[in-house]
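User: I would like to learn how to read a model like this one, feature by feature. Could you take me through it?

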Amino acid sequence: MRENFKKRFRDRIKGVYGSKSLVLVLFLNPLCQKLVKLSLIFLIFTGCIGIFRREPDYPSIRIQGLVPYNELESVKNVKWSSLSKSRDPKSVSAIILHNSGKRKFPDFLKLSVANQFMFHVYVDSEGNIFGDPEFLNHEWSAAPGIDLESIHLVYEGTQETLYNNRKQRGALNQVISYLTEELNIPKSNYDVISKKGVFTHNQTKRRFGGFVDFSPCGSELALKQILSEIDGKYYEEDDWKDRFVTGWVLKKENKDILKETFKPTNGRGITKPEKISFTYLEKDEKGYPPEEYRVKYTFRGKIKPSCVVLHYTAISEYFKSLRTLEARNLTASIMIDNNGKAYQLVDVLEDRAAAATGTNDNCIQIEIIAKDTEELLKQPEQIQTVKNLVTELTTKYKIPLSNEKLEDLSGVFSHTQAKKKWGGSIFLNAKDFDPGEDYMEMILNSIGGKYYSEPEWKNRKSIDWAILYRNFQP
């Protein structure tokens with residue numbers, strides 16, 4: 001039959017188009033077949049074959065053996081259900097792994113709810129699975145920035161106890177494997193930016209922030225083990241997609257990349273600054289910023305100052321601090337040495353600095369030479385210059401002497417405060433740092449300003465801070 005079909009096809013071609021066309025068709029036919037095969041191979045290896053995947057059957061997706069939270073006597077009085085938001089199951093594209101540490105299920109759930117957090121599934125040390133049967137339809141807050149897309153999965157204990165608990169790990173692997181396959185979630189932690197994959201809470205903290213502390217929740221070693229056991233692919237942090245590119249709440253820098261990309265356009269030895277107009281900034285004999293004290297920097301536009309941010313350098317020496325800024329492709333507006341002398345680093349104070357994410361478009365950035373807050377408080381000449389300079393700047397630019405309203409970008413703030421709001425630093429934790437709130441309180445109150453403690457900062461308890469103001473988080 002196949003040969004008869006070929007003969008009829010050839011006769012048809014020959015009769016309609018002539019014998020030359022028949023030769024051409026006979027020549028092209030094998031070539032076309034090869035092209036089709038190559039195209040299919042290309043589709044498979046580029047992931048385009050994903051268009052042929054079946055759509056998840058959301059109503060049928062159920063975790064085998066799951067015991068609903070509302071059937072558990074130990075937590076029946078906990079008002080957990082009121083914390084949920086409705087979501088379209090189609091938005092789910094990630095699984096976030098958390099761990100409970102030393103806390104057992106009832107205490108862990110009660111603490112979570114008390115702090116307005118919640119999770120979808122909990123696997124205890126015996127391999128029992130508790131959870132929300134409607135986990136696809138409910139958005140719970142446990143990792144702000146990726147909650148809408150996530151199923152939050154908690155395992156009881158630590159990565160060390162999980163490693164030695166085959167029964168628990170088997171249940172956990174079963175849940176993750178089932179969900180990834182049913183929901184077409186990649187079995188990989190490669191691309192947290194896309195919000196598609198299996199990630200630890202630790203990884204999402206680094207990208208999206210919204211955390212209470214930086215404990216390694218979920219644990220990378222545990223995820224590595226799980227992914228290897230369900231035929232997934234685990235990536236170390238340096239190999240995460242675009243890990244060294246801007247956009248991460250906790251930055252990670254690569255010295256080689258920074259060196260390649262740092263192409264200064266302004267500053268020392270490149271452009272000429274304007275004359276100094278401020279009393280407490282050092283000048284040369286002609287009224288210009290002393291050239292050797294300036295920084296080389298990339299021009300990033302102009303600002304209209306509405307705020308001031310104070311930092312310490314974490315280095316006790318001026319020129320080493322200057323070189324560090326350049327090595328990291330950063331710049332402040334002003335740097336104050338430990339002898340009390342203040343230097344303008346940029347050509348003009350309205351040149352945009354790059355020192356504190358979220359504030360650079362509006363704030364004058366002041367770096368103060370010291371390794372830590374303790375050293376800052378022992379440098380009286382420097383303290384006096386900081387007071388004088390902050391007073392002069394806030395008077396000229398009509399900036400309030402208050403640290404209350406950071407999100408309004410109007411006032412005098414610590415880098416600590418900016419980090420807690422927007423992140424964008426290579427160092428973050430939930431404690432006071434850079435330059436220390438004791439220092440800020442001393443400066444503001446001594447020049448007639450008003451210092452507000454952290455609970456008094458505007459909207460400090462809202463969810464849209466890089467570091468949240470809560471006592472606990474899953």
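Analyst: N329 counts as buried because its relative accessibility is 17%; the cut-offs are under 20% for buried, over 50% for exposed and partly exposed in between, with a 1.4 Å probe and protein chains only. Please bear in mind that this is a predicted model, where local features need pLDDT of at least 70, side-chain atom pairs count only at pLDDT 80 or more, and totals for chains, interfaces and linings use all residues. Residues are numbered from 1 along each chain as its sequence is written, and side-chain values use heavy atoms, with hydrogens and water left out.

User: Where does N329 lie, and which residues is N329 in contact with, leaving aside its neighbours within four places in sequence?

Analyst: A contact is a pair with heavy atoms within 4.5 Å. N329 sits in the loop that joins α9 to β12 (334–336); helices (H or I, at least four residues) and strands (E, at least two) are DSSP runs, numbered from the N terminus. With neighbours within four places in sequence set aside, the partners of N329 are L258, F262, T298 and R300.

User: How many disulfides does a search of the whole structure find?

Analyst: The test is two cysteine sulfur atoms within 2.5 Å. The search turns up 1 disulfide, formed by C307 and C363 with their sulfur atoms 1.8 Å apart. The angle about the S-S bond is -90°, making the link left-handed. C307 belongs to strand β11 and C363 to strand β14 (residues 363–368), so the pair ties together parts 56 residues apart in sequence. Both cysteines, C307 and C363, are buried. C217 is buried too, because its relative accessible area is 7%.

User: What should helix α5 span, and how far apart are its end C-alpha atoms?

Analyst: The expected span is 1.5 Å times one less than the number of residues. Helix α5 (residues 166–182) has 17 residues and so should span 24 Å; its end C-alpha atoms are 24 Å apart, in agreement. Its buried residues are Q168, R169, A171, L172, N173, V175, I176, S177, L179, T180 and E182. After α5 comes N184, with a positive phi near 55°.

User: Now let me try α11. How many residues does α11 have, and how far does α11 reach?

Analyst: Helix α11 (residues 380–396) has 17 residues and reaches 24 Å from its first C-alpha to its last, close to the 24 Å expected. For burial, look at Q382, I383, T385, V386, K387, L389, V390, E392, L393 and T394, the buried residues of α11.

User: Which residue follows α11, and is its phi positive or negative?

Analyst: K398 follows α11, and its phi is positive, near 55°.
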